Amino acid sequence: MVARAVTRVLVLNAGSSTLKASVLEVSPSAQLGPIVPIGSVGEAWGSDATRVADRRRGLAAALERLGAPEVEVVGHRVVHGGERFVEPVVADDAVVHALDALSPLAPLHNPVAVETLRTARDLLRGLPHVAVFDTAFHAALPEMRVRYPVPASWRHEHGVRRYGFHGLSVEWAASRAASMLGRPLEELALVVAHLGSGCSVTAVSGGRSVATSMGLTPLEGPMMGTRAGSIDPGVLLHLLRRGVVVDDLAEALDHGSGLLGVSGVSGDVREVRAAAAGGSADAALALKMFADRVAGWIALIATALDRLDALVFTAGIGEHDGEMRASIVRRLAVLGFDEVAARDVAAAVADDTVLVGGPPAVLRVGAREDVVIARAAARALVAG
């Protein structure tokens, strides 16, 4: 296949709370080449996409609103690629079947992504569909951070290891940070805090992931919208011994914990903040706990670096909630951070902002997983 200077890509990003569909023209050969947006639409699924009754209709509606721009390839975000999928792959029937088998490792994400992939292949026949994986950015994690301190048989017999997630978001945030700081990515030591419905913290050294908070599944790390994050595993054993069944435990950890579990109001930080302003002590506590746990993970993950050039906030909370950013950074004063203003910043990529010059610097970067997906899909099309 002859390589094209520009490839037009339809990107379908099926997340845990939204479906984002966009069309971009990108260069498959240049990592930081021009990006030409053609159009984009979003489909809100609430704080939990698995609870939406008819996601197929939502996808069809999103495609209809997007119109019918001619595209050459469709790129899909898939959260969990397991050990098999560490590079983008053209999704045939066998790949879709293999991704189905990984759904138990990411029950809030992979079933939705695989259903979106399957539906899109049906609605957009004749186009190649490329799966691009959140786990792939972390594929080269050092073995000491892949392993858990558990019996080796758990790894060999049950596949217990760290994978890491939000890799597409982290890859974009790190590359943008390099541009904003005017330094080569290969020379930077960064911590990227992806704070949204799901939350993770990743150390990036020389453009590579060297430590990350999420693990075998997207449950480990800071508390999240409806997910507990890291808690004492003895809590789970205690509940199991008291008769709580596994399915109920999974339901609570995935859907009833985090900001929702503490506040009793919502997994959406905006609604929690409104409740706190209205006098809810539980909502106020949820916000304090969230900031405290994110700051703790940032401090922990930073120990994987030999220095810290910048902390990068991205994703819904990281981009839009200035009060939360300020609260988190305030807790990191012991690491030499200066305070940031508690103000919101608009969502556009043009508004990416250096909040504190540092060192260490504090940056706000708009999430653009779609660009990373589009470039990966374009490269896969050329390679195919």
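These legends describe close-up views of a predicted model. Local features need pLDDT of at least 70, side-chain atom pairs count only at pLDDT 80 or more, and totals for chains, interfaces and linings use all residues. Residues are numbered from 1 along each chain as its sequence is written, and side-chain values use heavy atoms, with hydrogens and water left out.

**View A. His166, a loop residue with positive phi.** His166 sits in the loop between α5 (152-158) and α6 (167-181). Helices are DSSP runs (H or I, at least four residues), numbered from the N terminus. The phi of His166 is about 60°, although this residue is not a glycine. His166 counts as buried because its relative accessibility is 7% (buried: under 20% relative accessible area, 1.4 Å probe, protein chains only).

**View B. Ala315, a helix residue with positive phi.** Ala315 belongs to helix α12 (residues 315-320). Its phi is near 75°, a positive value in a residue other than glycine. With 5% relative accessibility, Ala315 counts as buried.

**View C. The crossing of α10 and α11.** The axes of helix α10 (residues 269-277) and helix α11 (residues 281-302) come within 7 Å and cross at roughly 130°. Axes are lines fitted to C-alpha atoms over the stretch in contact, and angles run from 0 to 180 degrees between N-to-C directions. The contact (heavy atoms within 4.5 Å) involves Val269, Val272, Arg273, Ala275 and Ala276 of α10, with Ala283, Ala284, Ala286 and Leu287 of α11.

Note on methods:
Helix = DSSP H or I, 4+ residues; strand = E, 2+ residues; numbered from the N terminus. Buried < 20%, exposed > 50% of the residue type's maximum accessible area, 1.4 Å probe, protein only. Left-handed = near helix turned anticlockwise from the far one by under 90°.
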